[in-house]
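Please look at the sequence and the model together, and keep both at hand while reading.

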Amino acid sequence: MKMLNKTTILILLLTVNIFPMLPQRQLSKTWIADLGNGNYQNPILYADYSDPDVCRVGDDYYMTASSFNCVPGLPILHSRDMVNWQLINHALQRLTPDALFSSPMHGNGVWAPSIRYHNGEFYIYYGDPDFGIYMLKTADPRGKWSDPVLVKAGKGLIDSTPLWDDDGKAYLVYAYAGSRAGIKSVLNIAEMNEEGTKVITPGRIVYDGHEADPTIEGPKFYKRNGYYYIFAPAGGVATGWQTVLRSKSVYGPYDRKVVLAQGNTEVNGPHQGAWVDTPDGEHWFYHFQDVGPFGRIVHLQPMVWKNDWPVIGLDRDNDGCGEPVKTYRKPKINGSFPIATPAESDSFEAGEPGLQWQWHANPMDWWYFADAKSKKLHLYSVPISENYLNLWNTPNLLLQKFPSNEFTATVKLTFLPSAAISGERTGLVVMGMDYGLLSLEKTNEGFILSQNECINADKGSKEAVNESVALNESSLYLRVKVTPDAKCLFSYSKDGNTYSVLGKLFQAREGKWIGAKVGVFCTRPVSNNDGGMVSLDWFTME
């Protein structure tokens, strides 16, 4: 934990005492953005909440983010002060079409969503680059969301945001994925029906960014003081800037201005996010930063309006384009709210896996048993596919995001394989296009614990065993320590006190459009009637 003063520590202790029975109130032991002295540090979420969008409803703030092939998708986060966030739900329980996404479709699925509140309901629009733009909605963001409705079908349609105008008309702005559409760097607007369920006019290109704003995408649509604004990132994920377009007409012509760039800071590619105001009239902007294996992490920047143009971050030279801040005062919010963070550790006492967990594909109902009686999570072994190469295309990986750039993840487990099968295995995995793991396998000779790695897993390469050890027991503590340069050291323990390093340092690598993830799995080499399982006591992040 970094940069915590005595005031922060006191607040943390008080918060833990006030909310001892609420799992979501368990504070991160890896990263806290609230400094406890009226200021915050960026990132406010040191985790892969890619392409964040935020809306305010009264005194409450709601965030969603891209989730790609991970299930459940479309995370819903809530805050009262814009700095302290909790993960409260997922809007999308399964990806559609169901059969297609029952296998890992890396990098596909949910791209760059937007969240809006209109006529008493929350709306989320997202683009699936292979099918088109979907919408789902709810009156209660903590409850059940509707099934996705295909608003506009088409290849390469992505990054959509609605705007309900003063006259009741509804519009949708969106971008193109060049890999599917054959074009990128342009933004389109189409009119929808008033319900926002269907596009009713052909889209019209309103901005061509090929010359000044290559790869412009991720547009967010707003209206203020008679102007229509499109906030859109350009220049590429890791190297780009935040462009804002402005017009008096929905369909333009639009004027252009760059309002946020890296400048002299270490925050590369600061862009793609959300303009949010407070009840007291302050303005703020959320965006992400691509940090490779750690994903696309979320920053919060102050924002002001000058001559009807936004200026984001600190504009030290008064040219209208700001730079990201590292620390800043918290937004002025009525009331005082406790420090909060998304859940990371899990004691499996809630009768369900915590909201931080996601599968790599649409799950089967029988993959796990959340045993409320024993307060353990049981993962049943799932048969690997006939053309199995490695874990890259294994759907039953139960994973969560890296919580910061420095942490230790530990799981206590008991492997209970079937007596009739040889080759069942479980373990702790750091997953990406390269992956490393501790693999506990039942063989004909007994239990073998090995530290393996798979380089270029996405290309179909095989796992290599770096070191292995024979064991008599299958109740173990498995651990991985991740350093700020994303190197991972694996170790194990029989008693939870003394840990032995196994294998060698593994260099974590991001997945397809997502950061590396960490978690557990259980597989078997045969598709017989039944298999064994692994029983998880707890999983901690420190």
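What follows is a walk through cores, salt bridges, individual residues and a surface patch.

This is a predicted model, in which local features need pLDDT of at least 70 and side-chain atom pairs count only at pLDDT 80 or more, while totals for chains, interfaces and linings use all residues. Residues are numbered from 1 along each chain as its sequence is written, and side-chain values use heavy atoms, with hydrogens and water left out.

In soluble globular proteins, nonpolar side chains tend to be buried together. A nonpolar core is here a set of buried Ala, Val, Leu, Ile, Met, Phe, Trp, Tyr and Cys residues joined through side-chain atoms within 4.5 Å, where buried means under 20% relative accessible area, exposed over 50%, and partly exposed in between (1.4 Å probe, protein chains only). The largest such core has 42 residues, and among these Val430 and Val518 touch the most other members. Strand S27 (residues 407–416) gives the most to this core, with 5 residues; strands (E, at least two residues) and helices (H or I, at least four) are DSSP runs numbered from the N terminus. If neighbours within four places in sequence are set aside, the contacts of Val430 (heavy atoms within 4.5 Å) include Phe402, Tyr435, Val480, Phe490, Phe506 and Val518. A second, separate core of 38 residues has Val83, Trp85, Leu87 and Met303 among its members.

Side chains of opposite charge can pair when their charged atoms come close. A salt bridge is taken as a side-chain nitrogen of Lys or Arg within 4 Å of a carboxyl oxygen of Asp or Glu, and by this rule the count comes to 24. In one of them Arg116 pairs with Asp53, with 2.8 Å between the closest N and O atoms. Because Arg116 lies in strand S6 and Asp53 in strand S2 (residues 53–57), this pair ties together parts that are 63 residues apart in sequence, and both residues are buried.

Lys330 forms a salt bridge with Asp81, the closest N and O atoms being 3.3 Å apart. This pair links distant parts of the chain, 249 residues apart, with Lys330 in the loop between strands S22 (327–329) and S23 (368–371) and Asp81 in the loop between strands S4 (73–79) and S5. Lys330 and Asp81 are both buried, and together with Asp34 they are linked in a network of salt bridges.

Beyond its neighbours within four places in sequence, Met533 is in contact with residues including His378, Tyr380, Phe415, Pro417 and Cys522.

Leu489, Val501 and Leu505 make a nonpolar surface patch of about 240 Å².

How values were computed. Patch = residues over 30% accessible without salt bridge, like charges linked within 9 Å, V, L, I, M, F, W, Y side chains within 5 Å. Areas by Shrake-Rupley, 256 points an atom, 1.4 Å probe, with all protein chains shown as cover.
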